[in-house]
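Colleague: I would like a close look at one part of this model, the place where the two chains meet.

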Amino acid sequence: MSRRRVGWRRTYSLLALSLIVLALLPGGATAGWTVAYNCCGYLGGYEVVGAGYNYWSNNRIWRDPGPSVSLWYYNSSGAVGYKSNTMDNPFVHNGGAFGYSIATCSNNTANDVNPASCQAYS
Amino acid sequence: MPRVALMLAMVSVGVAAAFAYFGREAEGGSVPQATGMAALMNPSISAGSVAAVRGFPVDLAPGDGRVRPLGYAHYAWTRGKSICHVDRSGTGGCFERFLSPVNAAIGDDDAIGSGVPASVRGLATDDVTTVTVVLKNGTRVRGAVVDNAFEIYLPETATPWDVRGEDLTLRDGNSVFVTETVRAPAIP
């Protein structure tokens, strides 16, 4: 077996070990993930998109200032924490109080908002 | 060869200077910068002492860990060319310039029609003294601007999408109407 092959094997072993250590860290160190949830990087006219159910800590949308957009959550009470804005980029809404919900963003205008990126964080 | 290099360097410096000059011109103009709020000079406090700021995304948090208190439990801080801000409900964001004299978030802190009434909260330039929220049915609800912030609660039965806009009274006595577009949420 060549020296080079042994070197690669050692590298892969270290990488695997690092991943295992990362997975075994306490929840606080690994919890929290991000999802960019509007497909295709834009919002069509009046489009409403959701990130799926989770315990979301915040929700945001990036887009050029101007068009009115909304952020909100959908849980067993219906639409909660509904907020609309035209100027902030990103526009952010913390959702820690809404529990298990769908983080949602929507375009309040008839025109496409392009580019636009909706992101939710757990 | 050294002469060619010198000429290239001079051309590069010229192009860079032109970009800097015209870039500055483009950033100027009549649109107020987000930094044009006197309350951004208020004494700063620790970001860690404000729950709404602690809940804000880490990548948008104040770099120096300090925030400026504005009116109505609204907080702001500088981040690059932007001003970032958050209100008592955890709503905010970052912006570089005002597109109108107010940057408003229209919404409801909890479920629509229950709990805390719907509200219009936001930041205002130094030019604005009062904000009057105008509903589609003609109802008007007035609030003062305090330290570049405003917070106006709507009548119990009103929803965010009942808002037609804000009628602003300016320091020079003139008024400006800002039209808002808010839609009822559809199930995602």
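Colleague: How many residues does the contact take from chain B, and how many from chain A? Please follow the answer into the strands involved.

Modeller: This is a predicted model, in which local features need pLDDT of at least 70 and side-chain atom pairs count only at pLDDT 80 or more, while totals for chains, interfaces and linings use all residues. Residues are numbered from 1 along each chain as its sequence is written, and chains are lettered from A and ligands numbered from 1 in the order in which they are written.

The contact takes 37 residues from chain A and 29 residues from chain B, where two residues are in contact if their C-beta atoms, placed from the backbone, lie within 7 Å. On the side of chain B that touches chain A, the elements giving two or more residues are β5 (91-95) and β6 (102-107) of chain B. β5(B) provides the largest share of that side, five residues. By type, the side has 16 nonpolar, eight polar and five charged residues. Here Ala, Val, Leu, Ile, Met, Phe, Trp, Tyr, Cys and Pro count as nonpolar, Asp, Glu, Lys and Arg as charged, and the others, Gly among them, as polar.

Chain A has two helices and eight strands; helices (H or I, at least four residues) and strands (E, at least two) are DSSP runs, numbered from the N terminus. Strand β6 of chain A (residues 91-94) runs antiparallel to β5(B), and three bridges join them. Two strands pair if DSSP finds at least two bridges between them. F91(A) has G93(B) as its bridge partner in β5(B), and V92(A) stands opposite G92(B).

Within chain A, β6(A) is also joined by four bridges to strand β3 (residues 58-63), again antiparallel. There, N94(A) is the bridge partner of N58(A).

In a regular strand the side chains alternate between the two faces of the sheet. In β6(A), F91(A) and H93(A) point one way, V92(A) and N94(A) the other way, and all are buried. A residue is buried if 20 or more other C-beta atoms lie within 10 Å of its own, exposed if 12 or fewer, and partly exposed in between, with C-beta atoms placed from the backbone.
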